[in-house]
Amino acid sequence: MEVPRRPQPSSFTLALPKPASSAPSALGAAEKVANEDPRKEKLQENADDGAAERGDGEETFSTEEELDVFAEASAETSEPLRANASAPDINVRLSSQDSFSEESSASEERLAAEAEEAKKRCEEEEAAAKERAAQRQTLALEELVQSERNYLRLLQLSTVTIRSNLQKLQPPPAGLDSMFLYIEDVMDVSSRLLSLLDQKQLQPGDPHFLETLCDSFLSLSSDIEAAYKEYLASYNQVSVLENSYRQKEALWNDIVRVVKTSAPEINATSLSFFLVMPVQRIARYPLLLQTIQKHTDRSHPAYALLERTAHTSIALNCRINEYKRFREVADKYKKTETLTMKDKINRLNTHSIAKKTARLSQHIKHGTGIVPKLVDEEFDALEGFFYVLEHGILELLENVETYLYHLQRFLSCKTEEFDLDMDGEKDPICYKEITTALRQWILPTFEKRMRTLIHKPLCALRDLLVGPRNLIRKRLDKLLDYELIEAKSNLSYEEQAVANTYRTMNTLLLNELPQFNGLALQMIWSMLGTFSCLHKDLASDMEQLFQSFAQQLPHSSLNHSAFWEWAECAVLEGARRLETLCRSVEDTLNAPAAQPLSPSSQRRLKQLTDKHGSGKIYQVMGTVVGSRDLDLNLARGELVAIISEADTRGDKRRWLVDAGGRRGYAPSSKLIRYHQPTDDPPPSPHLMLPEGMTEIRRHSYTPESRPLTVMSQPCFQVLAAYNFTARGNHEVSLQAGEPVRVLEPHDKRGNPEWSLVEARGGKRGYVPSNYLTITPVGAGPPGTYQPHC
């Protein structure tokens, strides 16, 4: 059955132009693309019109079906179309292909345009984001610089204006200067940072400003750390001092009034409002730098430098916190507590007893070699050098104090005020004038400079030795605790705290003790140089003084060689007289002072002899007053037993002695060996002198004295009954049976228990009188000489 074809509408026409050649021209292709859409619209309109003209029962074809028909016809006639372009079926096929290609081209163009537009929007957004980041970076830089300027301004306000106004209070607050300790260093480093930024004359929006900021901060990082770590370490003292001010209501009201009137534009009511700013500022540097880094592009030339600066600020804060922790540990353990016996007993508890017992046990194990001691050669060297410095400082201070004491005694002797009965002579007048000038002008000035430049610094240095010494002792205790837990794998919270405390103290001492030793040694050398300069100035002042009186002296007319010859002879003569006087004084002072032992001393002598032996018994020659740890206070004539002839540091000038229950150190120069007879010696042979000998000087052993005739007929001789060993130049050693000549039956003080004798060889000296015995002539041992009869 043949399907009837739908009649073509009259309005649907296809006008296909005849091509000039077999191949389509470029102009024809352009016309196809341009006419593709109108044709499709026309076909659609014709199809709609035809559908409207048909009834419901008629069979219809859609535009798509018509296009398919045209496509089939075009496929069948594709080859003839190339040969003859005037056929109607071929023209329809070409129009369909042109319409599809035009659609795809338009879609591609639209997609390209959309992509181009999206890319443009993305670039615009990126540019806007970069602009916003740059603005935020500029704002962050401005905040850092402006806040630094305000910070420095407020510190200057508190340090200069408020501090000066507080010092005007009557009375000024105690310890006010200590509240502003180290704040000048903080202000100095802040002003240097701002000056480095101002030198470049750049604004925060300038591209090179960020690089300048980073370079300035890195160049001052070490100074910033040094200034802030000392301030933060001592900030607790500021809080303590301010709390002490709060306890005094009137003083605190005055301080608040001064702060408000000095800074009315700032809502501040206390000094801590200003003094806490450095604590907050050093912690704010990392935050500001990280904010700038957050808003800085990674492609920025200074980004790597900015990142390094931010890391440096973080590390700087960590080191400051670590130093502050070290200082807190040092402040805790370097204090010297003065506790009474009651306070010490109250502190005893189970924990402290167990801890001290464990330390003692560990110390005993070290001494016996059961457990090896943890050795730190570096610390041991530092500790030994510290104790050497301590000994030198204390010795130097003692010598300086002795020097000043004798100088003060010399100034107190106003010899120019004595009447010498030499009126009218030039020598006494010159002497009085020179002495007056020395005592009233030159020497007081010299003494004042000595106390200011040498004595006070030495006293301050001595006080500074207490802290390191206590830390070294505490480190030893903590080392014993650390050795007990060192081998454990798992530590409890308390054991971990003990280990951390030891490591902190050890690290602190290893870092700080070399600096302390170096500064102490430098101070000692500086003070010794100052001591030399002071004496040089003293000599110059005295030379200037003596030159004004040189022409008035009797020997000023002598020539140079004759004057020095006279001066040498005068000095030697004066030295000879002085030596003679010194010997006379020494003999007088060194005369033995034997006193009978009291019952308590006899009991102590027996106790010490039974415990230590007779060879260890010594007697105190002078009063001993202890000035150091473990020193004993001993009275003159007291008996002690020697335990060790050196202290724990090997100093042989301090002996460890037993004073009958008390043990401690005493200077060896004030101890003398105590001699006691093995048996009761016979009574002292008190020889009677002739009546004419009473007027002879007691120094009868001098060459001017004449020999003594001590006995008359029948002749007797005096022998040594026991061995005696001399303990000094004023005594003479004797052997049992040795004949002697008694020169004086007593010492210079009239004590009959000592006798002045002459032994063999003409040696003279004192011996105990009860060591001598009288025997008839010829009863002595062979070879003895005959005494004077």
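Biologist: Why is Y285 called buried?
Modeller: Its relative accessible area is 3%, and buried means under 20%, exposed over 50% and partly exposed in between, with a 1.4 Å probe and protein chains only. Y285 is therefore buried. The model is a predicted one, in which local features need pLDDT of at least 70, side-chain atom pairs count only at pLDDT 80 or more, and totals for chains, interfaces and linings use all residues. Residues are numbered from 1 along each chain as its sequence is written, and side-chain values use heavy atoms, without hydrogens and water.

Biologist: How do you know that F217 is buried?
Modeller: F217 has a relative accessible area of 4%, so the buried class applies to F217 as well.

Biologist: What makes two rings an aromatic pair?
Modeller: Rings of Phe, Tyr and Trp (its six-membered ring) pair if their centres lie within 6.5 Å; planes under 30 degrees apart are stacked, over 60 edge-to-face, and the rest tilted. In one of them, F217 and Y285 are 5.5 Å apart centre to centre, with 65° between the planes, so the pair is edge-to-face. It links distant parts of the chain: F217 is in helix α7 (residues 209-219) and Y285 in helix α12 (residues 277-294), 68 residues apart. Helices here are DSSP runs (H or I, at least four residues; strands are E, at least two), numbered from the N terminus.

Biologist: What makes R475 count as a charge over a ring?
Modeller: CZ of Arg or NZ of Lys must be within 6 Å of the ring centre and within 35 degrees of the ring normal. The charged end of R475 is 3.7 Å from the centre of the F379 ring and sits over it. K229 likewise lies over the face of Y323, at 4.8 Å from the ring centre.

Biologist: Why is W525 called exposed?
Modeller: Its relative accessibility is 59%, so W525 falls in the exposed class. W525 is in helix α19. With F385, V388, L521 and L528, W525 makes a nonpolar surface patch of about 480 Å².

Key
Patch = residues over 30% accessible without salt bridge, like charges linked within 9 Å, V, L, I, M, F, W, Y side chains within 5 Å. Areas by Shrake-Rupley, 256 points an atom, 1.4 Å probe, with all protein chains shown as cover. Salt bridge = Lys/Arg side-chain N within 4 Å of Asp/Glu carboxyl O.
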